[in-house]
Amino acid sequence: MLNFILAGTIEPGDFTGFTFFIGSVSMLAATVWFLMQHGQVDKKFKDSMLVAALITGIAAVHYFYMREQWTAGLGSPTELRYIDWILTVPLMVVEFALLTGVGMRKLFWASVIMLVTGYFGESGVTGVLDAQTWGAISGLAYFWMAYEVGCLSIFGGPSGAVGNALTSGSGKIPEAGRMLQWFVLVGWAIYPIGYMAGTEGWYSFVAIDEGAMNIIYNIGDAINKIGFGMAVWYAAKS
Amino acid sequence: MDVVVKSKLAGLILALSIIFFGLESSYSILLFLIVMLSIGIPHGSVDHIIAFINPKARKFDSKLIFYTTYLSLIIFNIIIWVLSPFLGLLVFLIISCYHFGETQVIGYNPTDNKILNFVIGANILLSLFLNNIVELQEILYIIPQFATLDLSAFDSVFFLLISVGILMLSIVNFDIKRKVPLYAEITILYMVFFHTDLLTSFALYFGFCHSLPMLMLEFKEFKTENFIKFYLKTLPFTILSIFFGFLLYQFNNDLLTSDNLILFVFIVISSLTLPHVFIMKDFVKDK
């Protein structure tokens, strides 16, 4: 079990370990910030701020664990990462539902399919279908989600109900919504890259070093999770 | 901030402290016992008063009828456990799902939907068990159907994923007031269930998400000036319950002669829970 005070120290030159450390403390700082802002924002945004704090809070806990595993020389903390994602990804998608009041059912379904099939592909637990097929199904669920929240509308394309509701929202919701759409489109793209690096398939030429992959995940996670909360806070401050 | 939220926050802080600072597994039984004796059992130790002060409660003609019914249900449950542990477990799970669910959705259930109560409680218990399934297999070795299941192909992430998936689908498919806060609240519980062992998980959930909020609601209902005075009222039946536990342990049968103390405590809790559920069902109606 974790004891964060006694957690291993980061060796000089261990840049990956350093990003785990930065990830954990930045998530913790963001949690405190969002909780402090919870009392400052309008009542209708309070749940959004609380969810933002929860996302970074849950991630902070897992980043402390991941840092310990990494610094103890126990390899890449893939399992802990999945635990973190399983708990935080649905919370991130509900931010859209909180801001717009629509689409929770579709977004939940999409995230369940995305996570379950992604896990099936990466773990090989089912014994049916190969990693690339599970990955494709998971990717389709991601694109469905991206469509629903209006990521394609960034380029003038069509949008689902959630995206339309973001565009027609009051105050700074459309601007915040656009930020969130960018996070889903670009920020979340690191996860399929990680999947491809960790499984066999037509993409096997993608070979990324374990340490480098963790750096990408750590930076991506910090930007996505804290950024998500900041975008919601931006809407709430108006 | 209302008492229910305060109680849950206290539990969250304790849970996070345990996760961060680490708790040796040998201490989890101690944590479990402290929580059960100080909060768990006391929250049901005023049932005999609640049953009579709550105007919406089912009517008992006299205290004698109340006590007879209450004790009969406890004895009935023990007999079920002795005759068929599987049936005993099944009864406990069904009753607990409903009871845990109805207290968890206080303030969230706009239509007093009984199925929602059951489904939310089932979600919580399912996650508690799935996230500690290997430990549970060791405890429930007397149920061969479960003890012989081969779970080696699955890792812990799989069980967490299943729990979260079922929770998400449950939340979207029911009419819930403020779906997101309820989902978020239960998500934190799932994180705690994953990172702590079965006893610690149960102690944290049962103590701070179920018993303490109920104890605080009972305190409000009693309109007693201070909490200590109210807490003292819980002591007689808490002590009696502990005595009942020891008595049961002394006069155990083949099932209870096992070294498995956790299973024994499990049976005692389930026996105390059965009549308590009926009293609480009326109590939480207007909460």
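Predicted model: local features only at pLDDT ≥ 70, side-chain atom pairs only at ≥ 80, totals over all residues.
Gly121(A) touches Ala131(A), Trp134(A), Gly135(A), Ser138(A) and Thr199(A), once residues up to four places away in sequence are set aside. Gly121(A) sits in helix 4 of chain A, which covers residues 104-123. Is Gly121(A) buried or exposed? It counts as buried, because 25 C-beta neighbours fall inside 10 Å, where 20 or more are needed. Asp84(A) is another matter: 37 residues from Gly121(A) along the chain, it has its C-alpha atom 18 Å from that of the glycine.

Stepping back to the whole of chain A, the secondary structure amounts to nine helices and zero strands. Reading from the N terminus, that gives α-α-α-α-α-α-α-α-α. The radius of gyration is 18 Å, close to the 18 Å from the globule rule for 238 residues, so chain A is as compact as a globular protein of that length. Its C-alpha trace spans about 50 × 45 × 25 Å along the principal axes. Of the 238 residues in chain A, 50% are buried. Among contacts in chain A with a separation of 6 or more, 70% join residues 24 or more positions apart.

Helix 7 (residues 173-185) of chain A and helix 9 (residues 210-237) of chain A have axes that come within 8 Å and cross at roughly 170 degrees. That angle makes helix 7 of chain A roughly antiparallel to helix 9 of chain A, because angles over 145 degrees count as such. Helix 7 of chain A brings Ile173(A), Ala176(A), Met179(A), Leu180(A) and Phe183(A) to the contact, while helix 9 of chain A brings Asn224(A), Gly227(A), Phe228(A), Ala231(A), Val232(A), Tyr234(A) and Ala235(A). Sorted by class, the contact between these two helices has 10 nonpolar, two polar and no charged residues.

Val232(A) turns up again in the nonpolar core. The largest such core has 122 residues, and Ile86(A) and Val232(A) are those with the most contacts inside it. Neighbours within four places in sequence aside, Val232(A) is in contact with Ser48(A), Met49(A), Ala52(A), Glu95(A), Leu99(A) and Ala176(A).

Along the sequence the pattern goes α-α-α-α-α-α-α-α-α-α-α-α-α. A compact globule of 287 residues would have a radius of gyration near 19 Å, and the 19 Å of chain B agrees with that. The C-alpha trace of chain B spans about 55 × 50 × 35 Å along its principal axes. Buried residues come to 40% of the 287 residues in chain B. For contacts in chain B with a separation of 6 or more, 76% are between residues 24 or more positions apart.

That leaves the interface. Which elements of chain B give two or more residues to the side that touches chain A? In total, 27 residues of chain B are in contact with 29 residues of chain A. The elements in question are helix 1 (3-21), helix 9 (156-172) and helix 10 (179-195) of chain B. Helix 10 of chain B supplies the largest share of this side, 10 residues. By class, the residues on the side of chain B that touches chain A split into 22 nonpolar, three polar and two charged.

Technical notes:
Residues numbered from 1 in each chain as written. Chains lettered and ligands numbered in written order. Axes fitted to C-alpha atoms, helices over the stretch in contact; angles between N-to-C directions. Helix = DSSP H or I, 4+ residues; strand = E, 2+ residues; numbered from the N terminus. Parallel < 35°, antiparallel > 145°, perpendicular 65-115°, else oblique. Contact = placed C-beta atoms within 7 Å. Nonpolar A, V, L, I, M, F, W, Y, C, P; charged D, E, K, R; others polar. Rg over C-alpha atoms; globule rule 2.2 N^0.38 Å. Buried ≥ 20, exposed ≤ 12 C-beta atoms within 10 Å, placed from the backbone. Core = buried A, V, L, I, M, F, W, Y, C linked by C-beta atoms within 7 Å.
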